[in-house]
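Please read them with the structure open.

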Amino acid sequence: MITRREFLQASVAASAIYGLSGFGNWSKLAAQQALTQDQLLQFDDFGNVTLIHVTDIHAQLKPIFFREPEINLGVGDARGKVPHVTGADFLKMFNIQPGTPDAYALTCEDFTALAKGYGRMGGMDRVATVVKAIRAARPDSILLDGGDTWHGSMTSFLTKGQDMVNVMNALGVDAMTSHWEWTYGTDRVKEIVESQLKFPFLGANIFDAEWDEPTFEPYKIFEKGGLRIAVIGQAFPYMPIANPGWMFPEYSFGIREERMQEVVDEVRAEGVDLVVCLSHNGFDVDRKMISRVKGIDVILTGHTHDAVPEPVIVGDTILIASGSNGKFVSRVDLDVRDGRMMGFRHKLIPIFSDVITPDAEMAALIDAERAPFKDQLEEKIGTTESLLYRRGNFNGSWDDLICDAVRSERDAQIALSPGVRWGTTLLPGDAITREDIHNVTSMTYGQCYRTEMTGETLKTVMEDVADNLFNTDPYYQQGGDMVRVGGLAYSIDVSKPIGSRISNLALTDTGEAIDATKSYTVAGWASVNQGTEGPQIWDVIESHIRKIGTVRLEPNTSVTVTGI
């Protein structure tokens, strides 16, 4: 991580570019415990270009609680750098006082108590208020959506993303890229892109699988304030690996570093003044890509859900991360002259839902989208006495509950739950509604399978997932967390190579060591294999919670982590 002095005095090309983050002002407000809408939106206009960035909304139309991760380990060159700094270390790095609104928004520290004080965050009606305020000050601003927008809620699942398409059209997005959007299948994506979306669906790295040729718009050139600004889209590169490739067999993806350089060179040859990459690669992948691809001025990153209050500078490029679930909106003002970025100001705006006034038009649209499903969404299934959260490299209490449900309802020794990073948070004492269950499970391949696996196969699965997370080359990381397990304990040394990280596998019920040659009953969900059979995971969880009534979870100590 660059120091604050380096951040303010970064040298780009032959002349100095001066950058300033609005985080310092926000921190001062936070320390005073004073929050108003005007203060949250305060920004000294700068330069001649304004970018507005949202990403990884995961179909959350209403305000939510979302606990940031306690553990987010970096390996190799990323070790000890943002976004792999969490909790108290994060507060120290950015000089944030514990207990303040920014400590609540950006870390897991004392989350339950602070959440009760500062309330929910996000809500697309509040985001609309912020976007309109920025546009009032900067009419030529460009609003960019980093993807993972149409997926992650009960209403998006039931409408095949239509609710989010309608909301983002109304918000006035100027361009987007994609990831989970593709899990609705090729036909649905094409239907939306070709006949419903009011803005470009960008993906320079999306190719026709048969002909190996680009298939979607790679970039859009905007003419704003007398300048020409190129926005290049970079879709999630690992689609057929991390998600079911059989849902979109016509397309291939990939990082395609050489392709990105070609597109950058192409738009530069067209005489653009600024090059922006709207990416869903994930933070570490983007940090590597822009160290190798020359000519990108700004990269707006997504996928790994990182909320970073100051840009990271890599060579001549500023790297912006805007969090997830509608918790933040990034505003970036740029001074662009003679075809070069000369300076910038940036602010990661926290969307405190009790502070920001909802936009009336957007609020009405959201209510209309939800109205047909209102009774289903709000039905109470049970209550939780435990904090239910998902994020963290190894454990998440939501997935502990899911694994308990899977083992119980599917009569399995071991349960597996995918290490996805989407999913909202519930506080102790909260009711658990059907919508809450869907917020951590809704997807188009949610069947809960039951099968037999040998101990050897189990270890292989765990090693593969661990390598996805802890390979020292970011290009081999897909951005998820470790697969969650129920009924299984293990040790992991994150410093080891693939095949050597996982050890000491044992059944938690008996303490019996896993035998490589023995078969075990395993149940899980979100298999990428076509034809997977079983009940939907949300039905499995709902049945379990109805039986127990109140959720009480003990701390999960089944994973031993070394090599940090």
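**Notes on the model**

1. P83 sits in the loop between β4 (49–54) and α4 (87–93); helices (H or I, at least four residues) and strands (E, at least two) are DSSP runs, numbered from the N terminus. The peptide bond joining V82 and P83 is cis, with omega about 10°. This is a predicted model, in which local features need pLDDT of at least 70, side-chain atom pairs count only at pLDDT 80 or more, and totals for chains, interfaces and linings use all residues. Residues are numbered from 1 along each chain as its sequence is written, and side-chain values use heavy atoms, with hydrogens and water left out.

2. Backbone angles deserve a look elsewhere too. Most residues other than glycine have a negative phi, and most peptide bonds are trans. N95, which is not a glycine, has a positive phi of about 55°. N95 is placed in the loop between α4 and α5 (101–106) and counts as exposed at 56% relative accessibility. The classes are buried for under 20% relative accessible area, exposed for over 50% and partly exposed in between (1.4 Å probe, protein chains only). R256 is another non-glycine residue with a positive phi, near 50°. The loop between β10 (251–252) and α12 holds R256, and its relative accessible area of 24% makes R256 partly exposed.

3. Strands β8 (residues 219–224) and β9 (residues 227–234) pair in the antiparallel sense over six bridges; pairing requires that DSSP finds at least two bridges between two strands. K220 stands opposite V231 in β9. Two residues lie between the strands of this hairpin, and G225 takes a positive phi near 55° there.

4. How many salt bridges does a search of the whole structure find? The search finds 33, where a salt bridge is a side-chain nitrogen of Lys or Arg within 4 Å of a carboxyl oxygen of Asp or Glu. One of them joins the side chains of R126 and D125 at 3.2 Å, N to O. R126 is buried, with a relative accessible area of 15%, and D125 is buried, with 5%.

5. K132 and D359 meet through their side chains in a salt bridge of 2.8 Å, N to O. K132 belongs to helix α7 (residues 124–137) and D359 to the loop between β16 (340–350) and α14 (360–370), so this pair ties together parts that are 227 residues apart in sequence. K132 is partly exposed at 44% relative accessibility, whereas D359 is buried at 13%.

6. The side chains of K547 and E409 form a salt bridge at 3.0 Å, N to O. Because K547 lies in helix α19 (residues 537–548) and E409 in helix α16 (residues 397–410), the pair ties together parts that are 138 residues apart in sequence. K547 counts as exposed, at 60% relative accessibility, and E409 as partly exposed, at 23%. Elsewhere, salt bridges with shared partners join D45, R138, R331 and D333 into one network.

7. Helix α12 (residues 257–269) contains E266, which is partly exposed with a relative accessible area of 38%. Together with E258, E262, D265 and E270, E266 forms a negative surface patch. Patches are made of residues with over 30% relative accessible area and no salt bridge, with like charges joined within 9 Å and nonpolar side chains (Val, Leu, Ile, Met, Phe, Trp, Tyr) within 5 Å. Lys and Arg count as positive and Asp and Glu as negative, while His and the chain ends are not counted. The place of a charge is taken as NZ of Lys, CZ of Arg, CG of Asp or CD of Glu. Accessible areas come from the Shrake-Rupley method with a 1.4 Å probe; for residues, only the protein chains shown count as cover.
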